[in-house]
Amino acid sequence: MEFAELIKTPRADNVVLHRPFHLAVEGTLCLTGHHLIFSSRRQDNAEELWLLHSNIDSIEKRFVGSLGTIVIRCKDLRIIQLDIPGMEECLNIASSIEALSTLDSVTLMYPFFYRPMFEVLEDGWSTFLLEQEFELLSSVTNEWRLSCVNKEFSVCPSYPPVVIVPKSIDDEALRKVALFRHGGRFPVLSYYHKKNGMAMMRSSQPLTGTNGRRCKEDEKLINATLRSGRRGFVIDTRPLAVAQQARAKGGGFEQEVHYPQWRRIHKYIERFNILQESFIKLVEACNDQSHNMDRWLSKLEASNWLTHIKELLTAACLAAQCIDREGASVLVHGSEGTDSTLQVTSLAQIILDPRCRTIRGFEALVVREWLQAGHPFQQRCAQSAYSNSKQKWEAPVFLLFLECVWQIHRQFPCSFEFNEHFLIMLFEHAYASQFGTFLGNNESERAKLKLPQKTMSLWSWVNRPEKLSRFQNPLYEANSLVIWPSVAPQSLQLWEGVFLRWNRPSRFLEEAEEERINIIKYNKELQAKVNALRRQLAELETDGEVQE
Amino acid sequence: VLHSQIASIEKQATTATGCPLLIRCKNFQVIHLVIPQERDCHDVYISLIRLARPVKYEELYCFSFNPKLDKEEREQGWKLVDLNEEYNRMGVPNNYWQISDVNRDYGVCDSYPTEVYVPKSATAHIIVGSSKFRSRRRFPALSYYCKGNNASICRSSQPLSGFSARCLEDEQMLQAIRKANPGSDFIYVVDTRPKLNAMANRAAGKGYENEDNYSNIKFQFIGIENIHVMRNSLQKMLEVCELKSPSMSDFLWGLENSGWLKHIKAIMDAGIFIAKAVAEEGVSVLVHCSDGWDRTAQVCSVASLLLDPYYRTMKGFMVLIEKDWVSFGHKFNHRYGNLDGDPKEISPVIDQFIECVWQLMEQFPCAFEFNERFLIHIQHHIYSCQFGNFLCNSQKERRELKIKERTYSLWAHLWKNRADYLNPLYRSDHSQTQGTLHPQIAPCNFLYKFWSGMYNRFEKGLHPRQSVTDYLMAVKEETQQLEEELEVLQERLANLQKSQSGNNKVKSKQQDQNKQFGLYTSNNSLANTPQEYSNDLKSFPSRSPSQGDEDSALILTQDNLKSSDPDLSANSDQESGVEDLSCRSPSGGGCLPSEDSGKDSDEAVFLAG
């Protein structure tokens, strides 16, 4: 298919762009296969706006006489308005944008066409390999092994080709366990707590069904993570009733008779369609122009968004607490093990593992616990909060995770190497990107699409010094401790950087950030100067002594 | 805890362990005491009730508080804030404004200061005539003068207009205010009350200005509720803050239901309106409410703060409170219940102003020289009665009590410890510290946030565990030392080079070469413990593996979280020893013993679930 067929009017002049907190600008609008480009060439204020079609969540057109107006709502939650003279032009442009922003074939997406304008220092596709992770692990314990049982994605289609499992469990047993777990997602290692040797595993629900089916290999596998005489916790992210109902559909939960060394805790985390509705309501509240304070607070409350944040953080803290304080191993799962499970395991690592609070470490966490672990990004991020089309599998699962990280970051502002922009950038790229990183629903799909060969990795772009500097937190000081966030309502705030980003004035906050950076920068410069002088003095003094 | 901080004492039902006493403080601390003997408890209760409600000023702490300063230092302290100097700074007296001695012996208005600035064309006859037409004789007087364009903010109480009464002198007074601003042909009269309240006042012979009787005024209502509504609103919000492990919905619903943020926004909006009239339209404004000492003080001071960067400095903020609140007879004693009095007079009027400042600090992080701690400590001392500044209801009463001779000034104390109160992001040459601040007006409701630093001040576990402000201040302090060392080193280097080229053997061995830097690195760690995310963990060890029905005890509901046994918090404290590192606690300059006593005892319960 040629994009040109979809573009009936590639260019319109005298278009006026409206954005909140900006003066309206007049300029030229161009449509290309993947971008909407608006450029104004006014002398005092030349600017260009490039918008990926895939970033467009919904589009609305209105007419007053022959002047058409298009309101574009983006997945990054920004809203822009374009006034386009000429009814035909406007209609053409609107229908082109509509068609181009809803292409259904992945291979037509921009990452397959994008050619980087920067020098690739390090190929992001091979930066974070599980093999490296395992090497680190091997230096502290020999209880685990790397298994290639899923080499052809034949045992579990949503798992990566290699996984880390207890050493004592052979591939044959893994195949059997896979048959006993939803979608073949058998328990694998998610995190190893070096401090006390406890492990966090993740999986999907066991397929016990109504007649209480059991699987000896499954029991053996998860027991292999326990020290003799110790017990572990199964954190089930469903309420008990839901877990019980799941039995009727062949699912279920670990029965205590068969897993006597495990204690099950049900810590409810909301499922995807509810989350999507909550997301939509929250964004609606943030865009509400009504004048009234009560209305804002009740809409914020009614969206339930912060309730979900609180639930999620609480579950993650609980998992971390089991590992660090109770000295117990933990197995986390919900139903499929691709959403709430990953939220809990990845957040628990943020709390427990200082490495995950560095830029590299956080990237590795996203790769390991989200991309390789088979979170279906393409399904979940197909639509954002403005879309009019019917929901299918959309849900802001990853966004909720990022927001929880932000909440912890807010409580420990000096313990993270990255800043808020880094998290916002990941949110944007998960929903629309020039990079292939978040395409596909799992490693198997990515391999079939040949993403590493055909597209550029987000990490290749991010991990360059000139880019990284924008994402660095000037206040960072490595903190080797476990960080326990407060989950009280008074401690949780709306993530303004995402939800109010386009409808609050940001200049003063940006200035404050600049000020913080400058204070630290100046300090470091002085430190370097003083050190250099000290060295110089010391040299001169010893020279003097020699001369004596 | 100072007796003066006690807001209420409640005796609760006796339990097996003893008799619980619940003490709520005016600085939002809540203390639970359990006293083993009921008799003792009753005695304590009776004593506290008496001690918390002194009947004479002489009983208050400031008359016995002695910070070991000599007489001269004390007098110096009182001179730190000088209102004459402040009016001079504003640019009055000048061609349009003069100081009037009409209230010399508080003869005209006993709640006004002796020195009042009025328009030059307002004669004593006009002032006295106008004062007779105003509630409690609080005639229009200057609050803020804008040098740049001659526009001014004046304040008064409501006119005694009833349904039809007029007063020539009052009309002349307003005319005089307009004439003092030759650039503008009208003035705004802002009544900060809801229209309904103002209309109801007419029946009592009070009310508001009739536009027809006054030439060239534009009349405007801005609905800020009265002190009773505000008192109840705060009460409701504090109930929300006190909830044990509230859900997000409980909290947000309670916050909304209290209406507190709505009231804060109303005060801000009024201030923004006035600042805009003065700065952008160049129009003078007369502000009043009923008596002109609560809402009027709030609104005038918010507007001044927006208009003039000086009030956003530490010194300027002290001056502002002294000018708009202390000197113009805000009834500190009645509003903050320093002496035993009518509980219906108590209302968090200045608390709301202080919160408005905090909300502005959140929106303009570089605009204020002081930090949040400064505001919290001022709030604390408005209630503490440790310093004489906020005693009594008027200047007249304070003079009669000889406050300045017998007590110390808070401002001197804060000034002495100013290093603790600095905002590291403040630079006097920064754009946010210049000119008028323009906060977003509607519909930015979301910019107004719950201030947990104030209302949950003693729940340390709720606040960010690392303070950016303290961190940056430590960095800046280090930077300063580095600058000094750099200078010394450069000098030594120059000397050394000179002396070596002259083959001189003089060597300097200064000790400060070994000065250790990096002082902030270790200090910035955190006191941090896990909270009760689930009480299920506790019962685990006692369960035998094969025991009973697996499903029954495992469900984690809000209910069994709430019934957590009292041991839990102790338990988590014990655990916390493992990783506890001292946290950079706000160092409030010694005289806030209550600062640390709030400890984390309640933390675990708050955070459960």
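## Chain B in outline

Helices (H or I, at least four residues) and strands (E, at least two) are DSSP runs, numbered from the N terminus. By that rule, chain B has 25 helices and 10 strands. This is a predicted model: local features need pLDDT of at least 70, side-chain atom pairs count only at pLDDT 80 or more, and totals for chains, interfaces and linings use all residues. Residues are numbered from 1 along each chain as its sequence is written, chains are lettered from A and ligands numbered from 1 in the order in which they are written, and side-chain values use heavy atoms, with hydrogens and water left out.

Chain B holds 609 residues, and 57% of them are buried. Buried means under 20% relative accessible area, exposed over 50%, and partly exposed in between (1.4 Å probe, protein chains only). The accessible surface of chain B is about 24900 Å². Carbon and sulfur atoms account for 50% of that surface. Such areas come from the Shrake-Rupley method with a 1.4 Å probe; for residues, only the protein chains shown count as cover.

Contact means heavy atoms within 4.5 Å. Take the contacts in chain B between residues at least 6 apart in sequence: 74% of these join residues at least 24 apart.

## The annotated site

UniProt, in an unreviewed entry, lists B:C289 under "active site". UniProt positions are given in the numbering used here, feature names are shortened, and annotations may be inferred rather than shown by experiment. The feature "binding site", also from an unreviewed entry, covers B:N226, B:I227, B:C289, B:S290, B:D291, B:G292, B:W293, B:D294 and B:R295. These residues span 70 residues in sequence, yet no two of their C-alpha atoms are more than 12.3 Å apart, so they gather at one spot.

B:C289 sits in the loop between strand 10 (284-288) and helix 10 (295-307). B:C289 is buried, at 3% relative accessibility. Beyond residues up to four places away in sequence, B:C289 touches B:S156, B:S157, B:Q158, B:D191, B:T192, B:R193, B:D294, B:R295 and B:T296.

B:D294 lies in the loop between strand 10 and helix 10. B:D294 is buried too, at 8%. Neighbours within four places aside, its contacts are B:I227, B:C289, B:W325, B:H330, B:R335 and B:V349. B:I227 belongs to helix 7 (residues 227-242). Its relative accessible area is 14%, so B:I227 counts as buried. Leaving out residues up to four places away, B:I227 touches B:D294, B:R335, B:K344, B:E345, B:S347 and B:V349.

## A serine in helix 8

B:S258 is part of helix 8 (residues 248-258) of chain B. B:S258 is buried, with a relative accessible area of 5%.

## Cysteines and disulfides

A disulfide is a covalent bond between the sulfur atoms of two cysteines. Here a disulfide is counted when a pair of cysteine sulfur atoms lies within 2.5 Å. The count over all chains is 0. A:C90 is in no disulfide; its nearest cysteine sulfur, that of A:C30, is 16 Å away. A:C90 is buried, at 0% relative accessibility. A:C404 is in no disulfide either; the nearest cysteine sulfur belongs to A:C317, 9.1 Å away. A:C404 is buried, with a relative accessible area of 0%.
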